[in-house]
Amino acid sequence: MDFETIEFGIEGGIARLALNRPRSLNSFNVGMHREVAQAMDALEADDTLRCLLLTGRGRGFCAGQDLSDRAVEPGAGAPDLGYSLEAYYNPLIRRLRALPVPVICAVNGVAAGAGVNLALACDLVLAARSASFVQAFCRIGLVPDSGGTWHLPRLVGQARAMGLALLGDKLTAEQAAEWGMIWKVIDDDALEGEAEELATHLASQPTRGLAYIKQAIHASWNNNLDQQLDLERDLQRAAGKTEDYREGVAAFMEKRTPRFSGR
Ligand code: T3D
C-alpha cells in the first residue's frame with residue numbers, strides 16, 4: 001500500500017503506523033483520515049497481528065483537526081463538525097478500542113485537540129520527555145472530542161479533567177504521567193527504542209489473553225461488580241481454551257521460557 005500522509009507496515013506481528021504530515025504537526029485532513037482508515041482495515045483483516053505501535057513523524061505527535069480546512073469565508077455556512085466526528089474521528093477511536101491486540105502510542109512531541117484524545121484511546125501511552133498535551137478545543141470554541149470527555153475524567157479525575165478542558169493549558173509529559181494520564185515518560189532519544197522494545201515484548205505474549213484483559217478493563221467502566229465478575233468468568237473460560245494458556249502452564253511446570261504463538 002502506498003500512502004502520502006502516514007507510514008504503515010506490518011512485520012512479524014507488529015503493525016507500525018506513523019502520522020506523517022509534519023509541517024502541520026500531523027494534524028488530520030480528510031486524506032489522512034482516509035489513509036488511517038485503510039490501515040485500520042488492513043489491521044483488522046490480519047489474523048497474525050499481535051501489537052500496534054502508533055506514533056508521529058517530526059516534532060509533533062498530532063495537532064488534531066487541520067484547521068486550515070476549517071477557515072470559513074464571511075457569510076458562508078458553518079461546516080458540519082458533527083459529520084466530521086461521525087465519519088472520521090469516532091470510528092477511529094472505536095476501532096482502536098476494539099482492536100484485539102495491545103495498542104501502544106509513542107507520543108513523540110506535542111499532542112493537541114483530537115491528537116491528545118487519540119493517544120488517550122490507546123492502551124499504553126509512552127511520551128517523550130519534551131512532549132506535551134493540550135486540550136486545545138476550548139481555545140477555538142469547541143468541545144473535547146474523540147472520547148476526550150470520557151477518557152479524561154476517568155484517567156485524571158473530574159477536577160483535573162475540568163481544568164485541562166476549560167483552560168486548554170499545556171500539560172507536560174511528566175505531569176501527565178504523575179497524574180496517571182499516560183503510562184510512562186521516556187527521554188526523547190530513547191522513545192523510539194523503548195516503544196519498539198515494548199512492541200516486540202507484547203508481540204511475543206499470549207495475544208488472545210491480552211485481548212481479553214483489554215476487553216475486561218474497558219468494560220469495567222460500564223459494569224457493576226456482578227456484571228464484571230460474570231464477564232471475568234466468561235473471558236477466563238475463553239482464555240483457558242487458548243493454546244497459549246496451555247503453553248504457559250507447560251512452560252511453568254517444565255521451568256522453561258514459554259513460546260507463545262498468539263493462538
Ligand atoms: O473540525 C472537525 O472536524 C471537528 C473535530 C475537531 C478535532 C480537533 O482536534 S479541534 C482542535 C484542533 N487543534 C488545535 O486547535 C490545535 C492547534 N495548534 C496549536 O494550538 C499549536 O500549534 C500547538 C499547541 C499544537 C503547538 O504549538 P507550537 O507553538 O509548538 O507550534 P505552532 O507554531 O503553533 O505550529 C507549527 C506549525 O503547525 C504552524 O505552521 P507554520 O506557521 O509553521 O506554517 C501551525 O500553523 C501548524 N499547525 C499546528 N496545529 C495545526 C496546524 N495547522 C493546521 N491545523 C492544526 N491543528
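Glu174 is partly exposed, at 41% relative accessibility. In this predicted model, Glu174 forms a salt bridge with Arg129, with 2.6 Å from N to O. The structure holds 14 salt bridges.

**Salt bridge Arg129–Glu174**
- The side chains of Arg129 and Glu174 meet at 2.6 Å, N to O.
- This pair links distant parts of the chain, 45 residues apart.
- Arg129 sits in the loop between β7 (124-128) and β8 (132-134), and Glu174 lies in helix α6 (residues 173-178).
- Arg129 has a relative accessible area of 37%, so Arg129 is partly exposed.

**Salt bridge Arg21–Asp66**
- Arg21 and Asp66 pair through their side chains, at 3.1 Å from N to O.
- The two residues are 45 residues apart and link distant parts of the chain.
- Arg21 belongs to the loop between β2 (14-19) and α1 (30-45), while Asp66 belongs to the loop between β4 (60-62) and α2.
- Arg21 counts as buried because its relative accessibility is 19%, and the cut-off for buried is under 20%.
- Asp66 also counts as buried, at 6% relative accessibility.

- The closest N and O atoms of Arg263 and Glu243 are 3.4 Å apart in their salt bridge.
- Glu243 is in helix α10, and Arg263 is in the segment after α10 (243-253).
- The pair is 20 residues apart and links distant parts of the chain.
- Glu243 is partly exposed, at 44% relative accessibility.
- Asp230, Arg233, Asp234 and Arg237 form one network, joined by salt bridges that share partners.

**Ligand shell**

**Ligand contacts and burial**
- A backbone N or O atom of Ala63 lies 2.9 Å from a ligand nitrogen.
- Leu67 likewise places a backbone N or O atom 2.9 Å from a nitrogen atom of the ligand.
- In the side chain of Ser84, an N or O atom is 2.4 Å from a ligand oxygen.
- Taken alone, the ligand exposes 1,000 Å², and the protein buries 68% of that.

Conventions:
Residues numbered from 1 in each chain as written. Predicted model: local features only at pLDDT ≥ 70, side-chain atom pairs only at ≥ 80, totals over all residues. Heavy atoms only, no water. Polar contact = N/O pair within 3.5 Å; in protein donor to acceptor, adjacent residues only side chain to side chain. Areas by Shrake-Rupley, 256 points an atom, 1.4 Å probe, with all protein chains shown as cover. Salt bridge = Lys/Arg side-chain N within 4 Å of Asp/Glu carboxyl O. Helix = DSSP H or I, 4+ residues; strand = E, 2+ residues; numbered from the N terminus. Buried < 20%, exposed > 50% of the residue type's maximum accessible area, 1.4 Å probe, protein only.
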